Amino acid sequence: MNRAEFEAWKKEQCQKVTTESFNGVEYKLCTRNDGWIAIFEYNILNGFVPLIEAKGIERARDYCFRREIVSLPVKKLKRYL
């Protein structure tokens with residue numbers, strides 16, 4: 001989703017958006033009108049990528065904190081399994 005699509009979605013669906021960074025990744029935590037938190041990963045190549053929704057802000061932060069970016073091609077990990 002590009003920035004224009006995200007802004008249109010945000011106007012329609014969200015009350016508040018916070019930007020947080022975990023493990024070198026930027027996330028947009030959008031408090032939706034129903035109280036749930038929509039989690040978007042943001043990067044320059046893919047724009048805003050919707051991930052999951054969480055019931056509260058602490059659960060959303062916990063989910064983001066547990067995610068990590070794999071720094072090498074996953075095919076190379078196959079030989080270690």
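I began with charge. I counted 15 positive and 11 negative side chains in the chain, and I found the centres of the two sets 6 Å apart. I note that this is a predicted model.

Next I looked up the overall make-up. The chain has 3 helices and 4 strands. Reading from the N terminus, I get the order α-β-β-β-β-α-α.

I then took the extent of the chain. Its C-alpha trace spans about 45 × 25 × 15 Å along the principal axes. The accessible surface is about 6,100 Å², and carbon and sulfur atoms hold 53% of that surface.

I checked burial over the chain. Of 81 residues, 27% count as buried. Strand 2, residues 25-32, is mostly covered, with 7 of its 8 residues buried.

I stayed with strand 2 and asked which strands it pairs with. Strand 1, residues 14-22, runs antiparallel to strand 2 and is joined to it by 8 bridges.

On to strand 3, residues 37-43. I found 6 bridges between strand 2 and strand 3, again an antiparallel pairing. Y27 has E41 in strand 3 as its bridge partner. This hairpin has 4 residues between its strands, and G35 in the turn shows a positive phi of about 95 degrees.

Last, I looked at contacts along the sequence. Among those between residues at least 6 apart, 28% join residues at least 24 apart.

Terms used: Residues numbered from 1 in each chain as written. Predicted model: local features only at pLDDT ≥ 70, side-chain atom pairs only at ≥ 80, totals over all residues. Heavy atoms only, no water. Buried < 20%, exposed > 50% of the residue type's maximum accessible area, 1.4 Å probe, protein only. Helix = DSSP H or I, 4+ residues; strand = E, 2+ residues; numbered from the N terminus. Pairing = 2+ DSSP bridges. Contact = heavy atoms within 4.5 Å. Areas by Shrake-Rupley, 256 points an atom, 1.4 Å probe, with all protein chains shown as cover. Lys, Arg positive; Asp, Glu negative; His and termini not counted. Charge placed at Lys NZ, Arg CZ, Asp CG, Glu CD.
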